Amino acid sequence: AYQLKFPSSVTVLRGNHESKTMAERSARMGGGFRDECRMKYSEEVYQIFTRIFRLLPIFALIQNKIFVVHGGLPRVPGISIDDLRALPYRRDWQALPEKQLSRSRDDCVLFDALWADPHEGQGCIPSRGRGASCVKFGYDVTEDFCKQNNLQLCIRSHQVTIRDGRPLGHAFWHDNLLLTVFSASCYSGMLENPGAVAILRDNGRVMQGMPVSVQIVEHRAPRL
C-alpha cells in the first residue's frame, strides 16, 4: 500500500518467500501463502501475486554506499554491482544442484541473495539448518564485496540473530560492515525477539565518504 501511495519513495525487495516454491508449500513447511489466497480470495489472485513476486528487485543501492538485500552476499567471488544489475532475476529461484559443476553463476548469485546467512568465520560453509543448497558467508566475503564495490555497509534481514541465548531484532557482523535487521517481533509467535528498523540519516557527510549515521529503532507488536 505504501509503494502504491509513494512509488518514488518506497521500494519493496524480494525475499526467499516471494516465490511459487515457498508459497505452494504447506504452512507447516514454512509456506501456506497459496492456500491462504485461495481460501480468502481466489486462484486468480494468487497467480497475480506470483507474477508480482518475479518483478520485485533483488537488491537496492542507497547513495552508492549502502547495499540492501534480503538474504546475503554471493558465494561466487568477484561479483560487482554491475553484475547484479545484469542478473536475470525475473524468474523463480531453484534449489541448486548438488554438483557444483551443474550450477550456473547466475543461479548461485540469485539463490544466495535470497537465502544466505552470515557466520563469524571465513569463507562459505554449508547452512545445515536451511537445506543442502544454502550457505553461510564469512567476514572475508563481506570485506571483499564491500571493497570491490566501494560500499560502507550491507544491510540484510532473513533471520532472527541469536546471541548469548537471546533473540535479537538487529545485529552487526563482520567489523560493522554487515547489519542484520529483522522487522517482525515475536517471530512465528514462538520467539521473544523485538522487531527492528534501521533509519539511515544523511547528515551532510554521507555523500563525502564519511561513515553513515545508522539509528536502530526496536519495537514489539502486540500479540494477535
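Hi everyone, thanks for coming. The model is predicted, so to speak of a local feature I need pLDDT of at least 70, side-chain atom pairs count only at pLDDT 80 or more, and totals for chains, interfaces and linings use all residues. Residues are numbered from 1 along each chain as its sequence is written, and side-chain values use heavy atoms, with hydrogens and water left out.

Let's start with the overall picture. The protein has 7 helices and 12 strands; these are DSSP runs, H or I over at least four residues for helices and E over at least two for strands, numbered from the N terminus. Its radius of gyration is 18 Å, close to the 17 Å from the globule rule for 224 residues, so the protein is as compact as a globular protein of that length. That radius is taken over C-alpha atoms, and the rule is 2.2 Å times the number of residues to the power 0.38. Of the 224 residues, 41% count as buried, meaning under 20% relative accessible area with a 1.4 Å probe and protein chains only.

Now the sheet. Five strands form an open sheet in the order β1-β2-β6-β10-β9, with mixed pairing. At the edges sit β1 and β9 (170–173), each pairing on one side only. From one strand to the next, the twist averages 20°, with axes fitted to C-alpha atoms and angles running from 0 to 180 degrees between N-to-C directions. Strands count as paired if DSSP finds at least two bridges between them. Which way do β1 and β2 run? They are antiparallel, joined by 4 bridges, and L61 has F67 in β2 as its bridge partner. Their hairpin has 3 residues between the strands, and there Q63 takes a positive phi near 50°. By contrast, β6 (residues 153–156) and β10 (residues 178–181) pair in the parallel sense over 3 bridges, with C154 partnered by L178 of β10.

On a 1 Å grid over the protein atoms alone, a cavity is a set of points where a 1.4 Å probe fits but cannot get out; a pocket is an open set with protein on both sides within 12 Å along at least five of seven lines, and lining residues have an atom within 4 Å of a point. Points join across faces, edges and corners, and a volume is the space filled by probe spheres set on them.

The largest pocket holds about 1400 Å³. Of its 42 lining residues, the closest to the centre are H70, S157, H158, V181 and S183. The strand β11 (195–201) gives the most to this lining, with 5 residues. By class, the lining has 23 nonpolar, 13 polar and 6 charged residues; here Ala, Val, Leu, Ile, Met, Phe, Trp, Tyr, Cys and Pro are nonpolar, Asp, Glu, Lys and Arg charged, and the others, Gly among them, polar.

The second largest pocket is about 260 Å³. Both α1 (2–5) and α4 (43–55) give two or more residues to its lining, which has 9 nonpolar, 1 polar and 1 charged residues.

Finally, the cavities: there are 2 of 30 Å³ or more. The largest is about 50 Å³, and β2 (66–69) and α6 (105–115) each supply at least two of its lining residues. That lining has 9 nonpolar residues, 1 polar and no charged. The second largest cavity, about 30 Å³, is lined by residues including R91 and D107, and its lining divides into 4 nonpolar, 1 polar and 2 charged.

That's my tour, and I'm happy to take questions!

Notes
Buried means under 20% relative accessible area, exposed over 50%, partly exposed in between (1.4 Å probe, protein chains only).
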